[in-house]
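Here is a short briefing on a protein model. Look at the sequence and the structure first, then read the points below.

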Amino acid sequence: IDVQPTCTRNGSKSYHCTNCNAKKSITAIQATGHLYEWTNDFVEYLKIGVCAYCGDEKSEALTIEEIFTFKLNSTSTGYIVSDCDSSTAGDIVIPAKYNDLPVVEIGSNAFKECNNIISVSIPEGVIKIGNYAFAGCKVLSDMKFPKKLGYIGNRAFSNCINLKEISVSCDSLSIGDSVFENCDNMGKVFISGTTGTLNITM
């Protein structure tokens, strides 16, 4: 090989005379092309690729549908986040709208055992977090709740062993059973605006 190919440039190879180093049968070697290794940015909704050979970077749009699954609520006035892709990781921002309608609910089991999620920001339009919605998210450490949240379902954050503090401030909030069950590192739960009896089991 006379010239090694790169991601964007052809190389070449030839036969060399062992006496005088003259060349013959020079042949082009095609450029290798980039080999991108991809990561996802779930805050800016981007796919970020870095070439394993040369370090070239590029980004592409990450569609909402590649991250979340949505379904209409019973009155067709808003959407429920019903599931998320198993590769979802890091910091997550749930969109405020989908198909021009507000996102109003995090469905039961929607993020259950998504073990690579670190933080979640829930938009202001969400009024309900369903049963087991974030149960078993073992590295989840930070939650941002909307002010109009009205209900957190049974065991919604059970077995989230990395949660250390929760602060929810709402006008009127109802809490299900054992919401923070087995959250062994939970040190502080501050919930204001609660209606009825607040029963938190850890």
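Predicted model: local features only at pLDDT ≥ 70, side-chain atom pairs only at ≥ 80, totals over all residues.

A search of the whole structure finds 10 aromatic pairs, and the count of salt bridges comes to four.

**How strands pair**

- Strands of a sheet are held side by side through backbone hydrogen bonds, and the pairing is either parallel or antiparallel.

**The parallel sheet**

- Strand 11 covers residues 117-121 and pairs with strand 13 over three bridges, in the parallel sense.
- Which residue of strand 13 is the bridge partner of Val-120? The partner is Met-143.

- Strand 4 covers residues 46-51 and pairs with strand 5 over five bridges, in the antiparallel sense.
- Ile-48 has Ser-59 of strand 5 as its bridge partner.

**A buried loop residue: Phe-111**

- Phe-111 sits in the loop between strand 10 (101-106) and strand 11.
- Is Phe-111 buried or exposed? Phe-111 counts as buried, because its relative accessibility is 0% and the cut-off for buried is under 20%.
- Ala-133 is 22 residues from Phe-111 in sequence, yet their C-alpha atoms are 5.5 Å apart in space.
- Leaving aside neighbours within four places in sequence, Phe-111 is in contact with several residues, among them Phe-68, Val-81, Ile-94 and Ile-106.
- Other contacts of Phe-111 on that count include Ile-117, Ala-133, Phe-134 and Cys-137.

**Aromatic rings**

- The search of the whole structure gives 10 aromatic pairs.
- One of them joins Phe-68 and Phe-70: the ring centres are 6.1 Å apart and the planes lie at 65°, so this pair is edge-to-face.
- Why does that angle give this label? Planes over 60 degrees apart count as edge-to-face.
- Phe-70 also pairs with Tyr-79, with ring centres 6.3 Å apart and planes at 85°, so this pair is edge-to-face.
- Phe-68 is buried at 2% relative accessibility.
- Phe-70 is buried at 13%, and Tyr-79 is buried with a relative accessible area of 10%.
- Phe-68, Phe-70 and Tyr-79 belong to one aromatic cluster, which also includes Tyr-98, Phe-111, Phe-134, Phe-145, Phe-157 and Phe-180.

**A charge over a ring**

- Lys-112 lies over the face of Tyr-132, at 5.2 Å from the ring centre.

**Salt bridges**

- How many salt bridges are counted? The count is four.
- Glu-66 and Lys-47 meet through their side chains in a salt bridge, at 3.1 Å from N to O.
- Glu-66 lies in the loop between strand 5 and strand 6 (68-72), and Lys-47 lies in strand 4, so the pair ties together parts that are 19 residues apart in sequence.
- Glu-66 is partly exposed, with a relative accessible area of 33%, and Lys-47 is partly exposed at 23%.
- Glu-60 and Lys-58 form another salt bridge, at 3.7 Å from N to O.
- Glu-60 is partly exposed at 34%, and Lys-58 counts as partly exposed at 35%.
- Arg-155 and Glu-181 also form a salt bridge, with their closest N and O atoms 2.8 Å apart.
- Arg-155 lies in the loop between strand 14 (151-152) and strand 15 (165-175), and Glu-181 lies in the loop between strand 15 and strand 16 (188-194), so the pair ties together parts that are 26 residues apart in sequence.
- Arg-155 counts as partly exposed, at 25% relative accessibility.

Terms used: Residues numbered from 1 in each chain as written. Heavy atoms only, no water. Pairing = 2+ DSSP bridges. Helix = DSSP H or I, 4+ residues; strand = E, 2+ residues; numbered from the N terminus. Buried < 20%, exposed > 50% of the residue type's maximum accessible area, 1.4 Å probe, protein only. Contact = heavy atoms within 4.5 Å. Phe/Tyr/Trp six-rings, centres within 6.5 Å; stacked < 30°, edge-to-face > 60°. Lys NZ or Arg CZ within 6 Å of the ring centre and 35° of its normal.
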